[in-house]
Amino acid sequence: MKFLLAFAAVVAVCLAAPVDERGATILKFDNDHRGLGGYNVAYETSNGISAVEQAHLKTIGSDAAIVVQGRFSYTGADGQVYTVNYVADENGFQPEGAHLPRV
């Protein structure tokens, strides 16, 4: 439930920005895929969006799971840069940001 509330808040903030995204271009894109060993992805766009994400395989008892951590940033309609740091692991999706409510 916490995940859905946090995710809904992030989506609402993103959708509230009245920016014309059609002219945005990709300035940087890095992708290092290591199969089941994980991956690293990073990108930046001309409209101020950027993201970095890493993933790796984690053994939990006799099971294996992918652990993902990263961050994304964008400029809101108010001109402020919003950043969300997150981890997704066996405990679910855990976002953090100065603009997000703490649960």
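User: What does Lys 58 count as, buried, exposed or partly exposed?
Analyst: Lys 58 counts as partly exposed, at 30% relative accessibility. Buried means under 20% relative accessible area, exposed means over 50%, and partly exposed lies in between, with a 1.4 Å probe and protein chains only.

User: What sort of model is this?
Analyst: It is a predicted model, in which local features need pLDDT of at least 70 and side-chain atom pairs count only at pLDDT 80 or more, while totals for chains, interfaces and linings use all residues. Residues are numbered from 1 along each chain as its sequence is written, and side-chain values use heavy atoms, with hydrogens and water left out.

User: Back to Lys 58, which residue forms a salt bridge with it?
Analyst: Glu 90 does, and the closest N and O atoms are 3.0 Å apart. The pair links distant parts of the chain, 32 residues apart: Lys 58 is in strand E3 (residues 50–60), and Glu 90 is in the loop between strands E5 (81–89) and E6 (92–96). Glu 90 is partly exposed, with a relative accessible area of 43%. A salt bridge here is a side-chain nitrogen of Lys or Arg within 4 Å of a carboxyl oxygen of Asp or Glu.

User: How many salt bridges does a search of the whole structure find?
Analyst: The search finds 3. One of them joins the side chains of Lys 28 and Asp 30 at 3.8 Å, N to O. Another joins Asp 32 and Arg 34 at 3.7 Å, N to O.

User: How many bridges join E1 to E2, and which way do they run?
Analyst: E1 and E2 run antiparallel and are joined by 7 bridges. Two strands pair if DSSP finds at least two bridges between them. Lys 28 has Glu 44, in E2, as its bridge partner. The two strands form a hairpin with 4 residues between them, and Gly 35 in the turn has a positive phi of about 60°.

User: New topic: which residues make the nonpolar surface patch?
Analyst: Ile 26, Phe 29 and Tyr 43 make it, with an area of about 330 Å². Patch residues have over 30% relative accessible area and no salt bridge; like charges are joined within 9 Å, and nonpolar side chains (Val, Leu, Ile, Met, Phe, Trp, Tyr) within 5 Å. Accessible areas come from the Shrake-Rupley method with a 1.4 Å probe, and for residues only the protein chains shown count as cover. Tyr 43 lies in strand E2 (residues 38–45) and is partly exposed, with a relative accessible area of 33%.

User: And Thr 45, is it buried or exposed?
Analyst: Thr 45, also placed in strand E2, is buried at 17%. Leaving out residues up to four places away in sequence, Thr 45 touches Thr 25, Ile 26 and Leu 27, where contact means heavy atoms within 4.5 Å.

User: How many helices and strands are in the chain?
Analyst: The chain has 1 helix and 6 strands, in the order α-β-β-β-β-β-β from the N terminus. Of its 103 residues, 19% are buried. The accessible surface comes to about 7,100 Å², and 58% of that belongs to carbon and sulfur atoms.
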